Amino acid sequence: MKEQEHDRLLRIKTEGVREWQHQSSHYNRYEATPYSALEVLFDEYEEWKSTDRFVDFGCGKGRFPFYVYHHLHASAVGVEMNGQLYQEAMENLARYMERAKKSRASIQFEHIFAEGYDIEKEDNRFYFFNPFSLQIFQKVIDNILRSVEDFPRSVDVILYYPTTEYSHFLEIQTVFELCKEIRLPGLYEENNNERFLIYRLD
């Protein structure tokens, strides 16, 4: 299913790339994870449960949270610091919920800097598509680890198109362990960034 068709199915608009007018060294451009990549991810990542709550840091217009809610029937939170993208995510949510079936899962969006998001005890799957600098990533991971200290649970960090800085930090400076690598067929052979890395803290 093509990107536009999948957006139409969900009654949302998440396509496109957005560069920032005032470029920051801490925040990367907006670009949604391809639907084809999400399909591969959740075909091979079988450890999730419908009781999980996914958090997408730098969610943009909300494609990942909508995908999780619609296809996995799991709860999802999108965290976005850019006001315009947050507004577009909320518009997508209003359109989507007009026809959405009732569910025990929830979907919501937070307009806040990633490091300011208060990790809830229900949050246990954290998704990153290179949204920001290593310094901010470190702060977010520290927030996750503090939450786990307060409310012990297994958590996964899912990286798409992973940077070496993110990976090295998780492997060298935290107790997270790499538990799965998922390569995107037909793309990884040309570009070895086309993969997901899943780190787990049990």
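Student: Which residues form one aromatic cluster?
Tutor: Phe57, Tyr117, Phe126, Phe128, Phe132, Phe137, Tyr166 and Phe169. Keep in mind that this is a predicted model.

Student: OK. How many aromatic pairs does a search of the whole structure find?
Tutor: The search gives 21 aromatic pairs. One of them is Phe42 with Tyr45, a tilted pair with 6.2 Å from centre to centre and 45° between the planes.

Student: Are those two buried or exposed?
Tutor: Phe42 has a relative accessible area of 10%, so Phe42 is buried. Tyr45 is buried as well, at 1% relative accessibility.

Student: And Phe54 with Phe64, why is that pair edge-to-face?
Tutor: Because the planes of the two rings stand at 65°, and an angle over 60 degrees counts as edge-to-face. The ring centres of Phe54 and Phe64 are 6.1 Å apart.

Student: Where do they sit in the chain?
Tutor: Phe54 is in strand S3, residues 53-57, and Phe64 is in helix H3, residues 63-72. They are 10 residues apart, and the pair links distant parts of the chain. Both Phe54 and Phe64 are buried.

Student: Switching topic. How many helices and strands are in the chain?
Tutor: Six helices and nine strands.

Student: What about Ser147, which helix is that in?
Tutor: Ser147 belongs to helix H5, which covers residues 134-150. With 6% relative accessibility, Ser147 counts as buried.

Student: What does Ser147 touch?
Tutor: Leaving out residues up to four places away in sequence, Ser147 touches Ile119, Glu120 and Arg153.

Student: Now the whole chain. What is its radius of gyration?
Tutor: The chain has 16 Å. A compact globule of 202 residues would have a value near 17 Å, so the chain agrees with that. Along the principal axes, the C-alpha atoms fill a box of roughly 45 × 40 × 35 Å.

Student: How much of it is buried?
Tutor: Buried residues are 49% of the 202 residues. The chain exposes about 10,600 Å², and carbon and sulfur atoms supply 46% of that area.

Student: What about contacts between residues at least 6 apart in sequence?
Tutor: Among those contacts, 70% join residues at least 24 apart.

Student: Last one, charges. How many positive and negative side chains are there?
Tutor: There are 24 positive and 35 negative side chains in the chain. The centres of the two sets lie 7 Å apart.

How values were computed:
Residues are numbered from 1 along each chain as its sequence is written. This is a predicted model: local features need pLDDT of at least 70, side-chain atom pairs count only at pLDDT 80 or more; totals for chains, interfaces and linings use all residues. Side-chain values use heavy atoms; hydrogens and water are left out. Helices (H or I, at least four residues) and strands (E, at least two) are DSSP runs, numbered from the N terminus. The radius of gyration is taken over C-alpha atoms; the globule rule is 2.2 Å times the number of residues to the power 0.38. Buried means under 20% relative accessible area, exposed over 50%, partly exposed in between (1.4 Å probe, protein chains only). Contact means heavy atoms within 4.5 Å. Accessible areas come from the Shrake-Rupley method with a 1.4 Å probe; for residues, only the protein chains shown count as cover. Lys and Arg count as positive and Asp and Glu as negative; His and the chain ends are not counted. The place of a charge is taken as NZ of Lys, CZ of Arg, CG of Asp or CD of Glu. Rings of Phe, Tyr and Trp (its six-membered ring) pair if their centres lie within 6.5 Å; planes under 30 degrees apart count as stacked, over 60 as edge-to-face and the rest as tilted.
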